[in-house]
Amino acid sequence: MDIRRPAAVAALLLGFTPPPAGAQIRPVPVVSVVGEGSVDVIQDIAIVSAGVTSQGKTAREASDLNGRLMEPVIAALRVGGIRQDDIQTARVSVTPQHQGSAGRIGSFQATNQVTVKVRDVTKVSDVIDRLLGAGSTLSGAELLVGDPSAAMDQARTLAIADAKRKAEIYAKAIGAQLGRPMSVSEEAQSPRFLRSATPAMTGSTTPLTPGEETLRVSVTVTYELQY
């Protein structure tokens, strides 16, 4: 895993923390800085969206047909090694189809959309081929980072170290020593969906290539200054 620490602009604030109301306490000199840390991670999970659509004279007829059309789609995914709990219904709808200027209901349309989590990104093309071969239409595919928590923790450690380094520079420049941290606040960027694509609706699909994404954390730390 490639860990990078981009250059950041420190926000310097020299001041004093206010004492509690009525308390006779000398103000504490402080310095506040912004530290940044970033970690590069590889996309390791794909989410594929697909579905089937059917028409019927009645809502029940359209819905029943839709269920029959979805059965081979689910079966194809299971044969391809997709776990049942990685196949999730995203949307089910039955809508009337109006005809003529009078708006008379002529038929009903049923739609069933599912999302498929592919835990091995090298199998995305195979999954797409199976979906198309089973008669479903493809809405799209997205690559993402399955569990960014470990990488975010590394970025946090880097951000704190970056903040302390900057605070020590400022403290030394004004003839003080860096004391204990008084407060820490965080602003993190942890995107879920990192890249998307809609392969052609043909028997030959273009494979999705995992890329590298950067997760960033920015922290504001206030340190006590000692003279």
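1. A nonpolar core here is a set of buried Ala, Val, Leu, Ile, Met, Phe, Trp, Tyr and Cys residues joined through side-chain atoms within 4.5 Å; buried means under 20% relative accessible area, exposed over 50%, and partly exposed in between (1.4 Å probe, protein chains only). The largest such core has 24 residues, and those with the most contacts inside it are Val 48, Val 116, Val 124 and Leu 131. Strand S4 (45-56), helix H1 (59-79), strand S6 (104-118), helix H2 (124-133) and strand S7 (137-144) each supply at least two of its residues. The largest share, five residues, comes from H2.

2. On provenance: this is a predicted model, in which local features need pLDDT of at least 70 and side-chain atom pairs count only at pLDDT 80 or more, while totals for chains, interfaces and linings use all residues. Residues are numbered from 1 along each chain as its sequence is written, and side-chain values use heavy atoms, with hydrogens and water left out.

3. The protein chain has three helices and ten strands, in the order β-β-β-β-α-β-β-α-β-α-β-β-β from the N terminus. Helices (H or I, at least four residues) and strands (E, at least two) are DSSP runs, numbered from the N terminus. Of the 227 residues, 37% count as buried.

4. Contact means heavy atoms within 4.5 Å. Among contacts between residues at least 6 apart in sequence, 80% join residues at least 24 apart.

5. A second, separate core of 20 residues includes Val 145, Ala 151, Leu 158 and Ala 167. Among the buried residues of H3 are Ala 151, Leu 158 and Ala 167, and also Asp 162 and Lys 166.

6. Does the length of H3 agree or disagree with its residue count? The expected span is 1.5 Å times one less than the number of residues; for the 25 residues of H3 (residues 149-173) that gives 36 Å, and the end C-alpha atoms are 36 Å apart, which agrees. Just after H3, Gly 175 takes a positive phi of about 75 degrees.

7. Arg 78 is in helix H1 and is partly exposed, with a relative accessible area of 40%. Leaving aside neighbours within four places in sequence, Arg 78 is in contact with Arg 83, Gln 84 and Ile 87. A polar atom of the Arg 78 side chain lies 2.7 Å from the backbone oxygen of Ile 82.

Definitions and conventions. A polar contact is a pair of N or O atoms within 3.5 Å; within protein, one must be able to donate a hydrogen and the other to accept it, and residues adjacent in sequence count only if both atoms are side-chain atoms.
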